[in-house]
Amino acid sequence: MFFIFCIFILPITILLILLLSTRQKANNESQPTDPMEVCALCQKDFPMNQLIEKEIGTYGRVYCFCGECIEKLYNELKGQTDIKQENK
Ligand SMILES: [Zn+2]
């Protein structure tokens, strides 16, 4: 009976220890890096060095935009102006 108990408990405890140690490692690694900020458009988390901060509106609210969204906006605008130019 004790043997069966050991077989079930040992892997679980080892797994738990591994999970806890990896979690602590992840916490330790994420702390010294740049603070994460949410992109105002896609709502994804990015480190601050991958975002652009812009003060928008009269209230001076600061929004962050990621490169992917800026590129998407740029392509959208480009597409729009291209269509307008074709219509002329
Ligand atoms: Zn984005």
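Me: Glu53 stands opposite Cys64 in S4. What makes S4 a strand?

Reply: The model is predicted, so local features need pLDDT of at least 70 and side-chain atom pairs count only at pLDDT 80 or more, while totals for chains, interfaces and linings use all residues. Residues are numbered from 1 along each chain as its sequence is written. A strand is a DSSP run of E with at least two residues, and a helix is a run of H or I with at least four, both numbered from the N terminus. S4 covers residues 61-66, and therefore meets the strand cut-off.

Me: Why are S3 and S4 said to pair?

Reply: Pairing needs at least two bridges found by DSSP between the strands. S3 (residues 51-56) and S4 share six bridges, so they pair, in the antiparallel sense. Ile56 stands opposite Arg61 in S4.

Me: What lies between the strands of this hairpin?

Reply: Four residues lie there, and Gly57 takes a positive phi near 85 degrees.

Me: What makes a residue of the chain buried?

Reply: Its C-beta atom, placed from the backbone, must have 20 or more others within 10 Å; 12 or fewer makes it exposed, and in between it is partly exposed. Of the 88 residues in the chain, 3% are buried.
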